[in-house]
Amino acid sequence: MANPTLLILAGDGIGPEVMGQVKRVIGWFGDKRGLAFDVSEDLVGGAAYDAHGTPLHDDTMAKALAADAVLLGAVGGPKYDDLDFSVKPERGLLRLRKEMDLFSNLRPAQCFDALADFSSLKKDIVAGLDIMIVRELTSGVYFGEPRGIFEEGNERVGINTQRYTEGEIDRVARSAFELARRRNKKVCSMEKANVMESGILWREVVQKVRDADYPDIDLSHMYADNGAMQLVRAPKQFDVILTDNLFGDILSDCAAMLTGSLGMLPSASLGAPTDAGRPRALYEPVHGSAPDIAGQGKANPIACFLSFAMALRYSFDQGDEAARLEAAIEQVLADGARTADLMGEEGGTPISTTDMGDAILNALDASL
Ligand code: IPM
Ligand code: MG
């Protein structure tokens with residue numbers, strides 16, 4: 001059988017550096033675990049704009065649709081701030097999400113024991129934290145029409161539209177319930193049903209899906225503003241949080257910071273299963289392109305390693321190998337390896353992106 005295919009889109013800023021380390025890890029699984037992938041690489045974001053004048057070339061889009069999984073680094077940077085909206089680096093990422101129809105975005109927020117002191121919250125509030133945000137990713141205000149900046153009388157008006165169909169809510173709710181079944185069977189759905197009709201429909205459909213097909217799931221509903229407050233007050237009350245595209249964007253940054261560093265958090269964006277039986281899938285760290293530290297060897301590659309672990313688990317049915325990689329990361333952190341973003345109050349000397357890659361590979365070797 002042919003090897004599964006991985007398309008790597010390293011993108012901008014620290015993307016290429018962290019992805020460089022991930023390629024070593026992918027190679028390790030090929031050499032040592034017989035998990036060979038056919039890896040190809042292409043451009044996205046500002047890097048694609050520089051080469052082709054578009055943040056995602058049609059050929060790259062076609063390759064992404066054909067790949068078994070896509071691994072993405074990060075997009076964007078100040079160099080591109082003045083570009084026309086339609087060719088901004090972020091548009092490349094949004095096109096991938098939309099055309100691959102990656103409607104279910106899984107964003108775990110997990111607090112590693114070795115880093116529990118690191119959060120801006122008190123240790124006992126975050127120690128042992130393990131929650132999963134399921135963010136709808138292909139609809140809502142990110143894509144709703146009408147949108148634009150229009151003339152109205154003697155001034156301009158900026159318009160975006162929050163729009164959700166029942167079908168869109170239904171399918172992402174199912175993905176959250178399925179996931180919850182493999183965890184603690186608890187889902188909290190967040191919207192603003194107190195002020196938004198789309199929120200009323202969201203709440204209704206989510207409840208209906210639960211009652212019809214997932215009676216074993218403990219479902220609650222919360223207004224998203226309260227959800228943000230509860231996330232920093234008592235995050236461990238949650239297991240799976242289900243929410244829309246915009247609230248999910250905001251709440252997942254908030255949840256990410258509970259764990260101490262954005263440099264630690266992976267994500268999976270999943271669509272419907274293809275003929276090959278696996279979902280269309282794109283894996284990316286939650287952190288951005290961090291242009292301020294790009295090219296200096298300071299970036300933390302762990303979020304990107306964890307994104308590859310999610311690929312092993314959700315695309316390739318290799319949960320044990322994913323756990324092996326996650327355990328190696330945990331071990332390295334417990335041993336005290338820290339990139340610059342993980343320098344706590346105790347100080348110390350940060351290690352480089354490559355050093356962190358070396359440490360993970362050593363820990364993987366030791367796991368055999
Ligand atoms: C994210 C990012 C993106 C988003 C940007 C880069 C378009 O913030 O993945 O959370 O807003 O979805
Ligand atoms: Mg975001």
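Tutor: The largest cavity has a volume of about 40 Å³. On a 1 Å grid over the protein atoms alone, a cavity is a set of points where a 1.4 Å probe fits but cannot get out, and its lining residues have an atom within 4 Å of a point. Grid points are joined across faces, edges and corners, and a volume is the space filled by probe spheres set on the points. This is a predicted model, in which local features need pLDDT of at least 70 and side-chain atom pairs count only at pLDDT 80 or more, while totals for chains, interfaces and linings use all residues. Residues are numbered from 1 along each chain as its sequence is written, ligands are numbered from 1 in the order in which they are written, and side-chain values use heavy atoms, with hydrogens and water left out.

Student: Which residues line the largest cavity?
Tutor: Its lining is made of Arg107, Pro108, Ala109, Ile133, Ser252, Ala255, Ala256, Leu265 and Val286. Strand β4 (104-110) and helix α9 (245-258) each supply at least two of the lining residues; helices (H or I, at least four residues) and strands (E, at least two) are DSSP runs, numbered from the N terminus.

Student: And how does that lining split by class?
Tutor: There are seven nonpolar, one polar and one charged residues, where Ala, Val, Leu, Ile, Met, Phe, Trp, Tyr, Cys and Pro count as nonpolar, Asp, Glu, Lys and Arg as charged, and the others, Gly among them, as polar.

Student: OK, new topic: where does ligand 1 sit?
Tutor: Ligand 1 sits in the second largest pocket. A pocket is an open set of grid points with protein on both sides within 12 Å along at least five of seven lines, and a molecule sits in one if more than half of its atoms lie within 2 Å of its grid points.

Student: What surrounds ligand 1?
Tutor: Around ligand 1 are Glu90, Arg97, Arg107, Arg135, Tyr142 and Asp249, each with a heavy atom within 4 Å of the ligand. By class, this shell has one nonpolar, no polar and five charged residues.

Student: What about the largest pocket, how much space lies in it?
Tutor: About 470 Å³ of space lies in the largest pocket. Of the 22 residues that line this pocket, the closest to its centre are Pro108, Gln110, Asp130, Arg313 and Glu326.

Student: Last one: which peptide bond is cis?
Tutor: The bond from Glu145 to Pro146 is cis, with omega near 0 degrees, and Pro146 lies in strand β6 (residues 144-152).
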